[in-house]
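Please open the model in a viewer and keep the selection panel at hand.

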Amino acid sequence: AKGGYGAGSTTATITESLTTDITTSPISVSRKLLTGTLNLQNSSDNSGATIQLTGTNIPSTTTDENGNFTLYGVGSGNYQLQITKSGYVTQTIPLAITSDDGYSMPYTVEMTQSLGFLSGIVSIGKTDNSGITVTIENTSYSTTTNAIGAWSISLPIGEYNNSILFTSTNYDTSTYTDDFNISASQTTSVP
């Protein structure tokens, strides 16, 4: 069998001194496939994740908008399925495929966003600075300060050019307008 395909066979009757045409009985072979689906956290478009079997010569593929993927030429064996996408935590999944008839992953792979933290301290000139609302403008990300005015928000990695708004009852809203960058598993502090 050719690599990436299952074995096939056909039956032909061979008669002495005659040419036997086997094109009338084509051999059917199936491609060895690995299929699956993934879901990108907080995204309705699941396309663009790279799927590969590490340590093999099997070409990688990318997911479609529904998160579906297919790798061709995957026979029985032990593999490491690696899934990567910028802004998401890379996943490596061990697979033991026991058949040459193809394999469909029995569950949807959930890809979580890579997160970092934005933190700071704000004061309104009181002993107790708790309850000040800290909001990243034009997002749903918000938190409140503790008694010393400290705050922290978990955010997806990336560069932000959104203002940070500080609001408290009976006080004018204060705004921080500098851009900030969030890196995976890192804390970015703002004044």
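How many aromatic pairs does the structure hold? There are two aromatic pairs in the structure, where rings of Phe, Tyr and Trp (its six-membered ring) pair if their centres lie within 6.5 Å, and planes under 30 degrees apart count as stacked, over 60 as edge-to-face and the rest as tilted.

This is a predicted model, in which local features need pLDDT of at least 70 and side-chain atom pairs count only at pLDDT 80 or more, while totals for chains, interfaces and linings use all residues. Residues are numbered from 1 along each chain as its sequence is written, and side-chain values use heavy atoms, with hydrogens and water left out.

**Stop 1: the aromatic pairs**

A pair of aromatic rings is described by the distance of the centres and the angle of the planes. Select Trp-151 and Phe-166 first: these rings form an edge-to-face pair, 6.0 Å centre to centre, with 65 degrees between the planes. Trp-151 lies in strand β11 (residues 150-156) and Phe-166 in strand β13 (residues 164-167), so the pair ties together parts that are 15 residues apart in sequence. Strands (E, at least two residues) and helices (H or I, at least four) are DSSP runs, numbered from the N terminus. Trp-151 counts as buried at 5% relative accessibility, and Phe-166 is buried with a relative accessible area of 8%. Buried means under 20% relative accessible area, exposed over 50%, and partly exposed in between (1.4 Å probe, protein chains only).

Next, select Tyr-160 and Phe-180. The ring centres of Tyr-160 and Phe-180 are 5.2 Å apart and their planes stand at 5 degrees, so the pair is stacked. Tyr-160 belongs to strand β12 (residues 158-160) and Phe-180 to strand β15 (residues 180-182); the pair links distant parts of the chain, 20 residues apart. Both Tyr-160 and Phe-180 are buried.

**Stop 2: an open sheet**

Colour the strands β3, β2, β5 and β6. In that order, these four strands form an open sheet with antiparallel pairing. The edges are taken by β3 (61-62) and β6 (91-97), each with a single partner strand, so one side of each is left without a neighbour in the sheet. Two strands pair if DSSP finds at least two bridges between them.

Begin with strand β2 (residues 50-53), which is joined to β3 by two bridges and runs antiparallel to it. Select Thr-50 here: its bridge partner in β3 is Thr-62. Then move to strand β5 (residues 77-84), which pairs with β6 in the antiparallel sense over seven bridges. Tyr-79 has Leu-95 in β6 as its bridge partner. Six residues lie between β5 and β6, which form a hairpin, and Gly-87 in the turn has a positive phi of about 90 degrees.

**Stop 3: the salt bridge**

Side chains of opposite charge can pair when their charged atoms come close. A salt bridge is a side-chain nitrogen of Lys or Arg within 4 Å of a carboxyl oxygen of Asp or Glu, and the count comes to one by this rule. Display the side chains of Lys-32 and Asp-100, which meet in a salt bridge at 3.9 Å, N to O. Lys-32 is in the segment before β1 (33-40) and Asp-100 in the loop between β6 and β7 (103-111), 68 residues apart. Lys-32 counts as buried at 14% relative accessibility, whereas Asp-100 is partly exposed at 34%.

**Stop 4: positive phi in loops**

Most residues other than glycine have a negative phi, and most peptide bonds are trans. Asn-138 sits in the loop between β9 (133-136) and β10 (142-144) and counts as exposed at 73% relative accessibility. Ser-185, likewise not a glycine, has a positive phi of about 55 degrees. Ser-185 is found in the loop between β15 and β16 (187-189) and is exposed, with a relative accessible area of 62%.

**Stop 5: Ile-148**

Select Ile-148 in the loop between β10 and β11, where it counts as exposed at 58% relative accessibility. Leaving aside its neighbours within four places in sequence, Ile-148 is in contact (heavy atoms within 4.5 Å) with Ile-121, Val-122 and Asn-129.

**Stop 6: the whole protein**

Finally, show the entire model. The secondary structure comes to zero helices and 16 strands, and buried residues make up 29% of the 191 residues.
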